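The following exercises are to be worked with the sequence and the 3D structure at hand. Each task is followed by a solution in steps.

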Amino acid sequence: MDRVRGGCPVFRIWHCLACLAAGLAVTAGAGWAQQPRTSGQSASLDAVRRGFAAPPEDARPMMRWWWFGPAVEPDELARELRTMQAGGIGGVEIQPVYPLALDDPQTGFRNLPFLSPEFLRMVSYAAKTGQSLGMRVSITLGSGWPYGGAWVPVTEASSDLRVAATAAPEGDDSVAAPALENGEQLLAAFLAAGTPEHYDAEHAQQLAAGGQQSAAGGGSWRIHLPAGLTGDHVVLFFISSRTGQQVKRAAAGAEGFVIDHFSAQAVQDHLKNVAAPLVAAFGDHPPYSVFSDSLEVYGADWTPDFLTQFRRRRGYDLTPYLPELAAGTDERAADLRYDWARTLTELIDENYLAAINAWARAHHTEFRSQSYGVPAVTLSSNQRVDLPEGEGSQWHGPFSYTRWVTSASHLYGRPVTSSETWTWLHSPPFRATPLDMKAEADTFFLQGINQLMGHGWPYSPPSAGDPGWSFYAAAVFNNHNPWWMAMPDVTRYLARMSWLLRQGKPANDIAVLLPEADAQARFRPALPGADAEGQSSVSDQMAELLGPDLVAAILDAGYNFDFIDAEAIDRVGIHYPILVLPHAERLGLAAYRKIEAYAREGGVVIAVGHAPERAPGLLESERDTPAVEQISRRMFAAGTKNTRLVDSASSLGAALHSFLQPDVALSPAAPEVGFIHRKLLDADIWFLANTDNQAHSFTATFRTHRRAAEWWDVSSGTIAGAGSGPSLAMTLAPYESRVVVFADHAPEEKHTPAAAEFAPIDLSHDWNVTFDRSGASETMQTLHSWADDAAGKYYSGTVTYVRTVQIPPAVAQAGHAMLDFGEGQPVPRTALHLAGTRTWYNAPVRDAAQVTVNGRLAGLVWHPPYTLDIGSLLHAGTNELKIVVANTAINELAGRSAPDYRLLWMRYGKRFAPQDMDHLEPLPSGLLGPLRIVPAEDKR
């Protein structure tokens, strides 16, 4: 796979020959020209056509491979890898997690301690076996998440700033200092007017350490107070402390503190103690990548040498300002918090992300990281890793970690961006269907993802039987799943789409400036009492700061977009026709000057709500705020040509239309249909996906000067003419997707005679049905769910339907005859607050069907439209139809008692909790009917 090792070069803005006229829409060939931002973008349409038919194996989806315990054995490891490869899965990421069973000397079952010689031998065996099969083998540099474990001393554990407040009663000359635990250090103490709940932070007086601190009996410390205090006062103690967070979902032997991600020493020790032996187990063939899962270091906002680092980086001592940092309410407090947050970001960028990335390169692999959430990372933090990864399917807003990551890849030249895909998909485990897989994957494709990391594949020993083990927060995509027979078809679709979205370059029109400085100015430490919860995440505030409607306003207006931040503007510039500034109060002067220059050179700037008002940072605010205000006045003065100030997101679409024709305009509007656009040297590629449970018909008008339109079928790899653009009429079934390509010249097509009309043939009756696991057979007079019958209520697996059908000569000669399984039914969307996604649709096939006609495989049906062309396999007279249908494992699980984990949790602690496994009910299964053979024209 061709990957970019460094950042992309700085690009300049290129003008069009004709300047933008005020109020005049820019058409496709005019206006601002975008420069390439990633490598591998010179592919021609002919080359892409060839690759589309048979994409390379490195585009196949990978799977997170959970090793529970870890209790793994070589034979089962090898079997699972061979099964994955046969199912079209291109690789694995080994992630050791919590035990699911107790050691049993009688059977030989054993949980191998993490990093033990036996465990490392299993890593080595799995790596060699997977690589011999041509698969990519990656590994998490730890167990569970975040990084940490038994080897982490408290002095390298995740850190926070602890604030303790003690009332100072009138007449007392001292107060007891808080007891300090191992790993803690008292930074400073202050006296403030007020109570522990409410005090005057702006006028707090620092109490000197040393002379005013004395040891009392028993080793406790007291802080001396000034004489003559009257009224309510409080002593504030600021302590460099530890969060105490433990590794989540840890394997046996991997329990312990989460590391301090801001500490260079803690990170290097983790690499030495954990990463080095894991990578060494791969021998001469290093892993495809090494992985850092979700940061999720809750409350982490400090490190022991923070004050020293702060003074060096910000140019002043933070110590006197600690009370304002904690509880100040004015703009100076916000500036202090910005400086605090910015320093935290620099520390995690340098000591964690960049350091591990450099370590990975030195060990001939690459670092893949989920760099969002807590603590303190920004969008541009993703430039520090070679393989950024996102998660979250919220493509339509208001904010998504996935678009955060793909935006960084577009800005900094990362051609491959992965996503943790299908987390919590249609919970509980085993409930998800192939349609669920496709529907969620499409939402990731709409955001620019082009490598899927499935969540996931649970290792399951033979002793676990069927359906076997599962991870508490995930669907199951192994061959214990009854519908596994459809997996090769599903993975072909996913691989072909992933590969296609790596071709050319992204063609997003809009850059949305994230108000990261405003988020950093909102950072706060946890305080005692009602204000206990702190804030140390940039990305977790974005949905609120951007507002609920901004993303939808851009997408619904017919554009796609990337996020951008001030650091990216400083480093690589602005390479989009339009920049949107949403509700940004603070903006650094250097970045704002570049934005002003961008507007002078032809770029369009639209501010939503208000223009930036001040510079962030204690020193910068006083120095630079007047200049920021002047730029805002100049840029958004009445009559300026390339700028616009709109009052809210509801006005944004109209403003965008006044400057730039939509990339894709749908008539009538269909907000549930999304798109993404890639540009080749000689063609334009659009992927469209209906994310709704209803069909949508519309005319799509594409902004392109190319007129030869082609349909590229992602499932089959075939290409057909779609007529002449730029407007195409189309209907998308529920959760259906399409690829349309516009080129200068269409390829020559073989003439296909039009399909003939014939009367539909009803196949809804008289099927011989065999339950394959038990061998039991029956005649099903009318198609219905086998779970409606007592014998099939709790059956999970495959069922084979067989019958003969008399085909008239007119049908056999028709050219195309569609086996039509009927249309599904939308279901109401409920419980939207729960984690994960699902399709809101009852399919006519539950949940995948493999069709054989006269002994020849016709194909599989698992997503709308539920039709299959079987015309070429029919002949006049008697024909045999065989349809093998598979459901989910939920029916079998619904007939069982829930597992008892009491002894397991007594031994290891409660490291997981089964999700949504109570009150299971059997689900409809099989062919639900009606089933017909119809002419091709009737398929929609």
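**Exercise 1. Charges and rings**

The charged end of Arg738 sits over the ring of Trp711, 4.7 Å from its centre. The model is predicted, so local features need pLDDT of at least 70 and side-chain atom pairs count only at pLDDT 80 or more, while totals for chains, interfaces and linings use all residues. Residues are numbered from 1 along each chain as its sequence is written, and side-chain values use heavy atoms, with hydrogens and water left out.

Task: State over which ring the charged end of Arg838 sits.

Solution. Step 1: apply the criterion, namely that NZ of Lys or CZ of Arg is within 6 Å of the ring centre and within 35 degrees of the ring normal. Step 2: for Arg838 the ring is that of Trp840, whose centre is 4.2 Å away.

**Exercise 2. Aromatic pairs**

Task: Classify the ring pair of Phe114 and Phe119, then that of Phe306 and Phe310.

Solution. Step 1: a pair of aromatic rings is described by the distance of the centres and the angle of the planes. Rings of Phe, Tyr and Trp (its six-membered ring) pair if their centres lie within 6.5 Å; planes under 30 degrees apart count as stacked, over 60 as edge-to-face and the rest as tilted. Step 2: the whole structure holds 42 aromatic pairs. In one of them, Phe114 and Phe119 have ring centres 5.2 Å apart and planes at 50 degrees, so this pair is tilted. Step 3: for Phe306 and Phe310 the centres are 5.9 Å apart and the planes stand at 40 degrees, so this pair is tilted.

Solution. Step 1: buried means under 20% relative accessible area, exposed over 50%, and partly exposed in between (1.4 Å probe, protein chains only). Step 4: Phe306 and Phe310 lie four residues apart in helix 5 (residues 306–314), so about one helical turn separates them. Helices (H or I, at least four residues) and strands (E, at least two) are DSSP runs, numbered from the N terminus.

**Exercise 3. Strand 2 and its neighbours**

Task: Describe how far strand 2 (residues 91–97) is enclosed, and name the strands that bridges join to it.

Solution. Step 1: seven of the seven residues of strand 2 are buried, so the rest of the structure largely encloses this strand. Step 2: in a regular strand the side chains alternate between the two faces of the sheet. On one side of strand 2, Gly91, Glu93, Gln95 and Val97 are buried, and on the other Val92, Ile94 and Pro96 are buried. Step 3: two strands pair if DSSP finds at least two bridges between them. Strand 1 runs parallel to strand 2 and is joined to it by seven bridges, with Arg64 opposite Glu93. Strand 3 (residues 136–140) also runs parallel to strand 2, through four bridges; here Gly91 has Arg136 as its bridge partner.

Task: Identify the helices that complete the β-α-β units of strand 2.

Solution. Step 1: a crossover is right-handed if, with the strands pointing away from the viewer, the path from the first strand over the helix to the second runs clockwise. Step 2: helix 2 (residues 74–86) forms a right-handed unit with strand 1 and strand 2. Step 3: helix 3 (residues 117–132) forms a right-handed unit with strand 2 and strand 3.

**Exercise 4. Strand 17**

Solution. Step 4: strand 16, helix 9 (residues 434–446) and strand 17 form a right-handed β-α-β unit.
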